[in-house]
Amino acid sequence: MANTQGPQGNHDPAGSTQMFRAFVDDGAPRAAQPAPTQSGPRIGLIIGVVAAVVIVAAVAWLALK
């Protein structure tokens, strides 16, 4: 059985894989981004839950009155 994947004429003339790896490895280090604060969505969630509890309590109070 013949080896059709061998180096006899099937090489990448641009060496794109090696060039890409060199580009990625030699790239400038990225600046670390600060983590986003989680207080915004959490405060909104708490306010929403409190509002839902107040509405359910008001509806129950009006139904039992």
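This briefing covers the helices, the surface and one annotated region of a predicted model. Local features need pLDDT of at least 70, and side-chain atom pairs count only at pLDDT 80 or more, while totals for chains, interfaces and linings use all residues. Residues are numbered from 1 along each chain as its sequence is written, and side-chain values use heavy atoms, without hydrogens and water.

**Helices**
- There are two helices and zero strands in the chain (DSSP runs numbered from the N terminus: helices are H or I, at least four residues; strands are E, at least two).
- A UniProt unreviewed entry places a "transmembrane region" at residues 43–64; such annotations may be inferred rather than shown by experiment.
- Residues 43–64 are 100% helix and 0% strand, with the end C-alpha atoms 32 Å apart.

**Surface**
- Of the 65 residues in the chain, 3% are buried (under 20% relative accessible area; exposed is over 50%, partly exposed in between; 1.4 Å probe, protein chains only).
- The chain exposes about 6,500 Å², and carbon and sulfur atoms supply 67% of this area (Shrake-Rupley method, 1.4 Å probe).

**Phe23**
- Phe23 lies in helix 1, residues 16–25.
- Phe23 counts as exposed because its relative accessibility is 63%.
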